Every structure is written in structure tokens, then in C-alpha cells.
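Work through these exercises with the sequence and the 3D structure side by side. Try each task before you read its solution.

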Amino acid sequence: MKSKKLTALILVGMLLGILVGYLFRQHAGDDAAAIKSFVDGMSILTDIFLRLIKMIIAPLVISTLVVGIAKMGDAKSVGRIGGKTMGWFICASLASLTLGLIMVNILKPGVALNLPLPDMHADSGIKAGAISLKDFVTHAIPKSVFEAMANNEILQIVIFSVFFGSAMAALGERSKALIDVIDVVAHVMLKVTSYVMNFAPLAVFGAIAATVAKEGLSILGTYGKFMAQFYLSIGILWLLLIAVGVLIVGPRLLHLMGMIKEPLLLSFTTASSEAAYPKTLEQLERFGVSNKIASFVLPMGYSFNLDGSMMYCTFAVIFIAQAYGIDLTLAQEISMLLILMLTSKGMAGVPRASLVVIAATLAQFNIPEAGLLLLLGIDHFLDMGRSATNVVGNSVATAVVAKWEGELKRH
């Protein structure tokens with residue numbers, strides 16, 4: 001399915017989802033059983049699509065990444081590119097967290113919300129647990145590549161692929177036949193991706209219809225001001241990332257932003273960055289980024305460069321503190337930023353990762369964890385913006401590293 005046609009169908013699916021979800025909510029009223037049945041039925045469409053995406057992620061990442069690294073030639077090249085990539089990720093993470101902290105202090109959404117506060121002892125349902133260095137290391141290093149692929153642990157797949165690709169590069173001519181085979185596998189997986197994307201409009205329809213039916217459009221009115229302020233902050237982060245990208249890559253980066261509108265829309269409507277991975281990789285290569293750079297930087301970004309999720313962490317923590325009337329000193333806010341800089345790197349592969357990290361941070365600063373209840377109802381709507389921002393951040397990062405490495409072709 002051609003890109004423009006698919007984008008149009010995704011938009012149609014989103015609009016129909018809003019309409020169908022709203023009409024059902026109006027018809028069902030407060031009938032919880034009917035709403036649950038409808039939501040479960042609509043969610044099947046999204047679940048099928050996301051499971052198909054998960055089905056292709058591991059073989060796509062491992063085949064493209066192994067071939068990309070093998071073609072780099074030596075471990076020195078891998079180390080150089082990896083160093084530049086991590087340097088960008090650290091700077092982008094710091095900028096995202098800092099911007100979230102600045103915007104939430106300027107806008108003060110918690111002070112203006114005027115919502116009844118939940119019980120201090122209420123359970124948010126989110127398991128709060130700080131991610132230790134030991135947890136991160138054991139999560140990052142695979143004990144079995146097959147287990148990593150089965151669980152779609154992207155960071156573990158990246159670790160294995162770096163070793164495997166480097167070993168193939170070291171063997172030189174002896175590994176050429178295997179590289180050719182894996183390269184064919186990568187192209188087959190890209191073809192499979194094009195088939196899977198045909199289900200995207202149905203998935204978007206199901207996701208939006210289920211969300212609107214479950215929460216109702218009225219929740220957008222209740223939290224409208226908070227959501228508007230959050231999306232304003234997200235918009236500023238987009239401008240910041242794109243502006244820095246233009247300074248390094250040049251004005252043609254703006255063309256890349258137009259090229260990734262389809263994966264952007266897909267990640268926004270399904271609230272899943274993962275859903276956009278295959279199309280983002282394809283569009284980056286069409287833009288001119290070499291396969292070896294795109295297949296290396298993009299999966300790394302899904303583990304270390306979740307810009308939207310990181311900005312949300314500082315924004316949400318301070319919002320909850322404001323809602324409870326808890327004043328944090330500048331020193332406390334800076335220490336919170338540094339803590340989140342580290343703990344946010346363990347978010348990859350953790351369900352509802354942002355909420356888990358936020359819950360752990362609230363506990364460290366004696367802010368009632370029950371404050372998360374203020375956000376749970378609209379978390380899906382916020383996650384839509386976070387997911388789209390993650391796609392923008394990783395696309396810019398990949399283009400920047402490609403430019404630094406002289407691996408960005410001119411079209």
C-alpha cells in the first residue's frame with residue numbers, strides 16, 4: 001500500500017474510531033459491562049496489529065543490524081559510531097528532562113487543576129521500584145538470544161547483534177556468504193513489514209474507538225488544560241530537536257520530518273513507538289541514511305533515547321507535587337532530574353515504563369504515589385504524544401549520526 005494512501009486511511013480510521021467510540025459511549029451510558037465488552041472487542045483489532053509488529057521486530061532488527069555492523073569493517077568503527085550515538089542520546093535526554101522541568105514550573109498545571117485529591121493511602125496500581133544498576137545490567141545482557149527474540153528485548157538483541165556482526169566483520173571473506181544470506185533475510189522482513197502495514201488503519205480504528213468508549217470525551221474537557229500544556233511542551237521539544245538537527249544536517253532534515261509522517265501518525269494513534277519502528281527504518285534509508293547507520297542507531301534509540309517519555313517523567317512528577325501543594329527546592333528538582341537521567345535508561349521493555357519510573361521517583365521525594373491516580377485516566381492520550389515524540393527524537397538522532405559519519409547520501 002502506497003505511503004500517501006496508507007496515511008489517509010489511518011486518518012480515516014482515527015476519525016471513525018472517535019465517532020464510533022463516542023456514539024457507543026452515549027448509547028451505553030454507565031453500563032460498565034457493555035463498555036467493557038465493546039472495549040475488549042475493539043482492542044482485538046489493535047492487539048492483532050501490535051502482535052504482528054512484535055512478530056517482525058526481532059528478525060528485522062537482528063538481520064539489519066548484523067549486516068550493518070558486518071559492513072562497517074572493524075570493531076573500531078563500531079566503537080566510534082556507538083560513542084557518537086550515545087553522546088547524542090545523553091545530550092537529548094538531558095535536554096528533554098530539563099525542558100519538562102522548566103515548562104511544568106512555568107505553566108504550573110497542578111496548581112490550576114483544582115481536582116479533588118485522592119486518598120493518601122490509595123493504591124495507584126503501579127508497582128514502584130527503582131531500577132538498580134544490577135537490574136539494568138542483567139536486563140541488558142541476554143542469557144539467550146532466542147529468549148531475547150521471543151520477548152522482543154531490543155536492547156538484548158542489539159548487544160548480541162554487535163558481537164555477532166563484529167565477529168563476521170573480523171572473518172572477512174569467509175563470512176561473505178553468510179552476510180549475503182542475512183541481507184536477503186533483512187529484505188524479506190521489510191517486504192513482510194509492507195504486508196503488516198495494511199492492517200494499520202483497522203488497528204488505529206480499534207485503539208481510538210476503545211479509548212473513547214472507555215474514558216469518554218468528557219475526560220478531555222476535565223483535563224483539557226493539563227493536556228494542552230503538556231502538548232505545548234512536547235511541541236517545543238519537537239522544535240528544539242528539529243532545530244538542532246537542521247544546524248547539523250542542514251535544511252533537508254525538514255524533508256525527513258515530512259517523510260516520517262506515516263510512522264509518526266501510526267505511533268500517535270496506537271500510542272506505541274514500537275509500531276512505527278519498521279516504517280521509520282524504511283523512511284530513514286529512503287532519506288539517504290546508510291543501512292549500517294540506520295540499523296545501528298535506531299534500535300539503540302529505542303532503548304536509550306525515549307525523548308517524549310523522559311520529558312513526561314519530570315513534567316508528571318512536578319505536576320503531582322503541585323497538585324498536593326508540595327514545594328520542592330531547586331536543589332531537589334535538579335537532583336530529581338539527575339536521578340531520572342539514570343533511571344529512565346532502564347525503561348525499555350518495561351510495561352507502562354514511564355509510570356513505573358514516575359512511581360519510583362515520587363517515593364524518593366516523599367510525594368504520595370496516589371497522585372498517579374490523577375493521570376491514569378488520561379495516560380493513553382498522553383502516551384500518544386510521548387510515542388510520536390520518541391519517533392521524532394530517534395529519526396533526528398539517526399540522521400545526525402549519519403551526517404557525522406559521512407553516511408548521509410544526497411538525493
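The exercises below use a predicted model.

**Exercise 1. Classify the ring pair of Trp88 and Trp404, and find where each residue lies.**

Solution. 
- Step 1: Take the distance. The two ring centres are 6.2 Å apart. The cut-off for a pair is within 6.5 Å. Trp88 and Trp404 form an aromatic pair.
- Step 2: Take the angle. The planes of Trp88 and Trp404 make 70°. An angle over 60 degrees counts as edge-to-face, so this pair is edge-to-face.
- Step 3: Place the residues. Trp88 belongs to helix H3 (residues 75–107). Trp404 belongs to helix H20 (residues 379–404). They are 316 residues apart, so the pair links distant parts of the chain.
- Step 4: Check the burial. Buried means under 20% relative accessible area. Trp88 has 9%, so Trp88 is buried. Trp404 has 38% and is partly exposed.
- Step 5: Widen the view. The whole structure holds 9 aromatic pairs.

**Exercise 2. Classify the ring pair of Phe226 and Phe319, then name the cluster that holds these rings.**

Solution. 
- Step 1: The ring centres of Phe226 and Phe319 are 4.3 Å apart, and the planes make 35°. Stacked needs under 30 degrees and edge-to-face needs over 60. The pair of Phe226 and Phe319 is therefore tilted.
- Step 2: Phe226 is in helix H11 (residues 224–249), and Phe319 is in helix H16 (residues 307–323). The pair ties together parts 93 residues apart in sequence.
- Step 3: Phe226 and Phe319 are both buried.
- Step 4: Follow the ring pairs. They join Phe226, Phe230, Tyr231, Tyr312, Phe315 and Phe319 into a cluster.
- Step 5: Look for a charge at Tyr312. The charged end of Arg386 sits over the Tyr312 ring, 4.2 Å from its centre.
- Step 6: Find another such case. Arg252 lies over the face of Phe287, at 4.4 Å from the ring centre.

**Exercise 3. Describe how H11 and H20 pack.**

Solution. 
- Step 1: Two numbers are needed. Packed helices are described by the angle between their axes and the distance between the axes.
- Step 2: For H11 and H20 the angle is about 5°, and the axes are 10 Å apart.
- Step 3: Name the arrangement. Angles under 35 degrees count as roughly parallel. H11 and H20 are therefore roughly parallel to each other.
- Step 4: Sort the contact residues of H11 with H20 by class. There are 20 nonpolar, 4 polar and 2 charged residues.

**Exercise 4. Where do Lys108 and Ala271 lie, and are they buried or partly exposed?**

Solution. 
- Step 1: Start from the rule. Most residues other than glycine have a negative phi.
- Step 2: Lys108 is not a glycine, yet its phi is positive, about 50°. Lys108 sits in the loop between H3 and helix H4 (109–113). Its relative accessibility is 41%, so Lys108 is partly exposed.
- Step 3: Ala271 is not a glycine either, and its phi is about 55°. Ala271 lies in the loop between helix H13 (261–270) and helix H14 (273–287). At 12% relative accessibility, Ala271 is buried.

**Exercise 5. How far apart are the C-alpha atoms of Ala209 and Gly17, and of Leu97 and Met311?**

Solution. 
- Step 1: Ala209 is in helix H9 (residues 200–215). Ala209 is buried, at 0% relative accessibility.
- Step 2: Gly17 is 192 residues from Ala209 along the chain, but their C-alpha atoms are separated by 4.1 Å.
- Step 3: Leu97 is in helix H3. Leu97 is buried too, with a relative accessible area of 0%.
- Step 4: Met311 is 214 residues from Leu97 along the chain, and their C-alpha atoms are separated by 4.7 Å.

Note on methods
Residues are numbered from 1 along each chain as its sequence is written. This is a predicted model: local features need pLDDT of at least 70, side-chain atom pairs count only at pLDDT 80 or more; totals for chains, interfaces and linings use all residues. Side-chain values use heavy atoms; hydrogens and water are left out. Rings of Phe, Tyr and Trp (its six-membered ring) pair if their centres lie within 6.5 Å; planes under 30 degrees apart count as stacked, over 60 as edge-to-face and the rest as tilted. Helices (H or I, at least four residues) and strands (E, at least two) are DSSP runs, numbered from the N terminus. Buried means under 20% relative accessible area, exposed over 50%, partly exposed in between (1.4 Å probe, protein chains only). A charge sits over a ring if NZ of Lys or CZ of Arg is within 6 Å of the ring centre and within 35 degrees of the ring normal. Axes are lines fitted to C-alpha atoms, for helices over the stretch in contact, and angles run from 0 to 180 degrees between N-to-C directions. Angles under 35 degrees count as roughly parallel, over 145 as roughly antiparallel, 65 to 115 as roughly perpendicular and the rest as oblique. Ala, Val, Leu, Ile, Met, Phe, Trp, Tyr, Cys and Pro count as nonpolar, Asp, Glu, Lys and Arg as charged, and the others, Gly among them, as polar.
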